[in-house]
Amino acid sequence: MKKISLKSSLLLLALGSSMFFACNNDQKTESNNDTVAVEEEVADDTAAATNQDKAEITLNGSDAMQFDKSEIKVAAGQTVVLTLHHTGKLPVESMGHNFVLLKQGTDVEDFATKAMAAKDNGYIPTDDSNIIAHTKLIGGGESDTITFTAPEKGTYDFLCSFPGHHAMMKGKFIVE
């Protein structure tokens with residue numbers, strides 16, 4: 001068996017001790033990083049919860065009589081800020097668009113027939129209680145923004161009520 005000098009033993013002990021403390025420091029650093037990551041996740045969740053109070057939606061309508069979304073999802077009771085933007089160039093008289101959100105169970109065809117007779121009111125029937133929210137009628141390059149509270153959970157129809165548009169410009173407004 002080989003003898004190790006006292007000086008060598010002390011050197012080995014010093015190296016071992018420094019490695020032990022270095023490893024412990026790395027573990028502490030990792031633990032601190034984990035704590036920071038958890039705190040950041042909690043902060044992100046809090047921000048997300050705050051943002052859940054409001055849904056900001058942009059819906060585009062084109063000269064080809066199409067919305068760019070056929071489905072919109074929001075949470076019940078959420079404040080909805082919906083901006084309708086007409087991406088086309090045609091004037092409101094020939095290619096006007098609007099967004100109309102209807103109550104559940106509304107007969108879309110019946111509503112569209114009533115809307116055709118409401119030209120003086122932007123194709124929004126004045127006596128129809130089936131409307132939850134609607135924008136004004138806009139032409140190419142124009143926008144309109146409305147704010148409303150999302151209704152109770154369920155699936156609702158939305159459409160453009162300009163004559164003939166509802167067949168192609170429609171979708172589902174899903175409240176979760």
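In helix H3 (residues 108-116), Phe111, Ala112 and Ala115 are buried. Buried here means under 20% relative accessible area, with a 1.4 Å probe and protein chains only. The three residues lie on the same side of H3, because they cover an arc of only 100 degrees around the axis. This arc is taken from the directions that run from the helix axis to the C-beta atoms. The cover over the buried residues of H3 includes strand E4 (100-102), strand E5 (131-134) and strand E7 (154-159). At the start of H3, a side-chain oxygen of aspartate 107 comes within 3.0 Å of the backbone nitrogen of glutamate 109.

The model is predicted; local features need pLDDT of at least 70, side-chain atom pairs count only at pLDDT 80 or more, and totals for chains, interfaces and linings use all residues. Residues are numbered from 1 along each chain as its sequence is written, and side-chain values use heavy atoms, with hydrogens and water left out. The mean pLDDT of the chain is 81, and 71% of its residues reach 70 or more. Over residues 6-50 the pLDDT is below 50, and this stretch has 1 contact in the model beyond near neighbours in sequence. pLDDT is the predictor's confidence in each residue, from 0 to 100. Where pLDDT is low, the predicted coordinates should not be read in detail.

The chain has 3 helices and 8 strands. Helices (H or I, at least four residues) and strands (E, at least two) are DSSP runs, numbered from the N terminus. The order of elements from the N terminus is α-β-β-β-α-β-α-β-β-β-β. Of the 176 residues, 34% count as buried. Among contacts in the chain with a separation of 6 or more, 73% come from residues 24 or more positions apart. A contact means heavy atoms within 4.5 Å.

Strand E3 (residues 79-86) pairs with strand E1 (residues 54-61) in the parallel sense, over 8 bridges. Pairing requires at least two bridges found by DSSP between two strands. Leucine 59 stands opposite leucine 84 in E3. E3 is also joined to E6 by 7 bridges, and these two strands run antiparallel. Here valine 80 stands opposite phenylalanine 148 in E6.

Lysine 136 sits in the loop between E5 and strand E6 (143-149). Its contacts, leaving aside neighbours within four places in sequence, are His97, Asn98, Ser143 and Asp144. Between lysine 136 and isoleucine 146 the C-alpha to C-alpha distance is 9.0 Å, at 10 residues apart in sequence.

The whole structure holds 4 aromatic pairs. Rings of Phe, Tyr and Trp (its six-membered ring) pair if their centres lie within 6.5 Å; planes under 30 degrees apart count as stacked, over 60 as edge-to-face and the rest as tilted. One of the pairs, phenylalanine 99 with phenylalanine 158, is tilted, at 5.4 Å centre to centre and 35 degrees between the planes. This pair links distant parts of the chain: phenylalanine 99 is in the loop between helix H2 (92-95) and E4, phenylalanine 158 is in strand E7, and they are 59 residues apart. Both phenylalanine 99 and phenylalanine 158 are buried. A tilted pair is also formed by phenylalanine 148 and phenylalanine 173, with 6.0 Å centre to centre and 40 degrees between the planes. Phenylalanine 148 in strand E6 and phenylalanine 173 in strand E8 (residues 170-175) are 25 residues apart. Both phenylalanine 148 and phenylalanine 173 are buried. Phe67, Phe99 and Phe158 form one aromatic cluster.

Key. Buried means under 20% relative accessible area, exposed over 50%, partly exposed in between (1.4 Å probe, protein chains only). A polar contact is a pair of N or O atoms within 3.5 Å; within protein, one must be able to donate a hydrogen and the other to accept it, and residues adjacent in sequence count only if both atoms are side-chain atoms.
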